[in-house]
Amino acid sequence: MLYLGIIGYPLSHSISPKIHNAVMEHLRIGGSYLAFEVKPSELKDAIFGAKALGFIGLNVTIPYKEEVLKFLKPIGEAKLAVNTIDLRKMEGYNTDIYGVEMAFKSAKVDVNDKIALVVGAGGAGKAIALALMKMGARVILTNRTETRGIEAVKALREFGHCIFCPWEKIKELKVDVIANATPIGMKGFSSGIPVPEEMLKPEMIVFDAVYNPLETQLIKRAKEKGCKVINGLDMLIHQAEKAFEIWTGIKPPVSIMRKVAIEALEI
Ligand code: NAP
């Protein structure tokens with residue numbers, strides 16, 4: 001039996017159980033992928049408890065992507081943030097980076113040599129910044145809390161070119177790509193958009209990591225301004241694809257993952 005799960009706090013927004021359970025059913029693999037809302041004081045017990053119970057792997061979401069590094073060996077770029085744990089080896093992976101690269105690839109968007117502004121310095125912000133750097137973009141990162149933004153940029157510099165811009169100065173920037181890595185626009189969080197609207201220009205590339213709703217205010221306004229938009233769906237699907245492969249060695253059917261995700265998000 002294959003037991004998998006996701007840990008986070010709170011966890012009401014996750015559709016990962018639906019995606020992975022559909023894959024297991026399709027591949028006729030017995031087991032289950034479950035969601036666990038874990039309190040901060042119980043994070044360590046939750047991880048080791050899952051391992052003791054025979055779980056193979058866990059996904060990690062807000063707010064634990066950095067915190068879990070204390071208990072794991074990060075593989076490669078996962079030292080920035082972990083979203084996938086292999087409990088058999090106590091290894092941490094970051095499949096969000098692959099998810100972002102695939103989202104841009106699927107949208108046939110080339111960011112080589114472009115200047116990209118990443119808004120947010122959490123797990124998603126660092127993954128998006130690194131993916132953009134790997135695709136050849138020059139990345140500027142901003143964050144509401146300056147110290148956290150500067151720390152993220154320091155960590156990212158090990159992998160390439162990245163600079164920090166204070167939150168109140170972003171409107172002075174001229175960029176080709178804007179990527180939202182905050183929960184602004186997420187269902188149940190806050191409406192609105194994470195950058196001043198006047199920054200959105202025709203031909204600009206706008207990526208929103210938020211996938212619920214699929215059309216956030218940012219995506220809607222960016223479309224109206226003639227920008228090329230990419231929503232968070234492909235990042236979600238492809239990070240799940242890579243995680244499943246790490247846990248099982250099997251490449252899951254992406255078309256089924258996409259179908260289930262869209263159905264879950266349209267409810
Ligand atoms: P996180 O680690 O908790 O980081 C949240 C980031 O958002 C921080 O930089 C935080 O800034 C900023 N932030 C939060 N509220 C804000 C506000 N009201 N105004 C301005 N900035 C605010 O979360 P995360 O894991 O990076 O996730 C961020 C978003 O990406 C979430 O909406 C999540 O659903 C989405 N996401 C999508 C995917 C996908 O597959 N599509 C994958 C991962 C995450 P401070 O440092 O100032 O608090």
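User: How much area is buried between domain 1 and domain 2, and what share do carbon and sulfur atoms give?
Analyst: This is a predicted model, where local features need pLDDT of at least 70, side-chain atom pairs count only at pLDDT 80 or more, and totals for chains, interfaces and linings use all residues. Residues are numbered from 1 along each chain as its sequence is written, and side-chain values use heavy atoms, with hydrogens and water left out. Buried area is the accessible area (1.4 Å probe) that two parts lose on being put together, summed over both. Between domain 1 and domain 2 it is about 1600 Å², and carbon and sulfur atoms give 64%.

User: Which residues make up domain 1 and domain 2, and what distance separates their centres?
Analyst: The bounds come from an automatic or database domain assignment. Domain 1 covers 2–94 + 237–266, and domain 2 covers 98–231. Taken over C-alpha atoms, their centres are separated by 24 Å.

User: How many residues of each domain are in contact across the interface?
Analyst: Contact means heavy atoms within 4.5 Å. Domain 2 contributes 19 residues, and domain 1 contributes 15.

User: How many salt bridges link domain 1 and domain 2, and which part gives the largest share of the domain 1 side?
Analyst: A salt bridge is a side-chain nitrogen of Lys or Arg within 4 Å of a carboxyl oxygen of Asp or Glu. Between the two domains there are four salt bridges. Helices (H or I, at least four residues) and strands (E, at least two) are DSSP runs, numbered from the N terminus. The largest share of the domain 1 side, four residues, comes from helix 7 (residues 233–248).

User: What are the classes of residue on the side of domain 1 that touches domain 2?
Analyst: Ala, Val, Leu, Ile, Met, Phe, Trp, Tyr, Cys and Pro count as nonpolar, Asp, Glu, Lys and Arg as charged, and the others, Gly among them, as polar. By class, this side has four nonpolar, four polar and seven charged residues.

User: How many aromatic pairs are there, and how is the pair of Tyr 33 and Trp 247 arranged?
Analyst: Rings of Phe, Tyr and Trp (its six-membered ring) pair if their centres lie within 6.5 Å; planes under 30 degrees apart count as stacked, over 60 as edge-to-face and the rest as tilted. The count is five aromatic pairs. The ring centres of Tyr 33 and Trp 247 are 6.3 Å apart and the planes stand at 50 degrees, so this pair is tilted.

User: Which parts does the pair of Tyr 33 and Trp 247 tie together?
Analyst: Tyr 33 lies in strand 2 (residues 31–37). Trp 247 lies in helix 7, so the pair ties together parts that are 214 residues apart in sequence.

User: Which residues does Phe 164 touch, and how far in space is Gly 149?
Analyst: Phe 164 sits in strand 9 (residues 162–164). Not counting residues up to four places away in sequence, Phe 164 touches Leu 141, Thr 142, Asn 143, Glu 146, Gly 149, Ile 150 and Val 153. Gly 149 is 15 residues away in sequence, and C-alpha to C-alpha the gap is 6.9 Å.

User: How many salt bridges are counted, and what is the N to O distance for Lys 154 and Glu 151?
Analyst: The count comes to 16 salt bridges. Lys 154 and Glu 151 are three residues apart in helix 5 (residues 146–156), separated by about one helical turn. Their side chains meet in a salt bridge, N to O, at 3.4 Å.

User: Where is Pro 10, and is its peptide bond from Tyr 9 cis or trans?
Analyst: Pro 10 lies in the loop between strand 1 (2–8) and helix 1 (16–26). Omega from Tyr 9 to Pro 10 is near 0 degrees, and the bond is cis.
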